[in-house]
Amino acid sequence: AMELRTTQMINRSMKEIRILAGRFDWYPRVREVLFAAHDRKVSIKVLLSTVEEANQAIIGELKSMKAEVRKLPEDWYPIRGTLCDGKELVFLIWATRKDVKLPIYYKPNYTKNEGLIGIFMDAFEKKWREATAVT
């Protein structure tokens, strides 16, 4: 349901898309709407916590659509999410690392709450400044 909501948000975006992901394994499910957003001249920024051989094809496609891609300075960050036009947010918060035996995370949420969106945007922008460009 959250992937469908994310797809719908990206489809409606007119200015900017901000994605904070691990490896961005779910990219194939939003690939077409991201290309459509690129065609609409929407700015796309993607922050990844993991850059490895497994996601190089994804990174290559993102760069082909002129998306900016950066790597978080740390290997783990407990927030994942997609923010569109500063108005809609789908997010997930991990309570434990994903690689522990029984990982715990809070139910994914969709919101238009300005306060939550502001917190996510502040975190995204801070991490963006700290991140390194992926080439």
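Analyst: This is a predicted model. Strands E2 and E3 pair in the parallel sense, over four bridges.

User: Which residue in E3 is the bridge partner of Lys 45?

Analyst: Lys 45 has Glu 68 as its bridge partner in E3.

User: What unit do E2, H3 and E3 make?

Analyst: Together, E2, H3 and E3 form a β-α-β unit, and it is right-handed.

User: How do E3 and strand E7 pair?

Analyst: E3 (residues 68-71) pairs with E7 (residues 132-133) in the antiparallel sense, over two bridges. Within this pairing, Lys 71 stands opposite Thr 132.

User: Now the core. Which residues have the most contacts inside the largest nonpolar core?

Analyst: That core has 24 residues, and those with the most contacts inside it are Ile 10, Ile 17, Phe 24, Leu 34, Val 46 and Leu 62. The elements that give two or more residues to it are H1, E1, H2, E2 and H3. A second, separate core has 14 residues, including Tyr 77 and Phe 124.

User: Last one: is Thr 6 buried or exposed?

Analyst: Thr 6, in helix H1, counts as buried because its relative accessibility is 5%, and the cut-off for buried is under 20%. Beyond its neighbours within four places in sequence, Thr 6 is in contact with Trp 26, Val 30, Thr 82 and Val 90.

Notes:
Residues numbered from 1 in each chain as written. Predicted model: local features only at pLDDT ≥ 70, side-chain atom pairs only at ≥ 80, totals over all residues. Heavy atoms only, no water. Buried < 20%, exposed > 50% of the residue type's maximum accessible area, 1.4 Å probe, protein only. Contact = heavy atoms within 4.5 Å. Core = buried A, V, L, I, M, F, W, Y, C linked by side-chain atoms within 4.5 Å. Pairing = 2+ DSSP bridges. Right-handed = clockwise from strand over helix to strand, strands pointing away.
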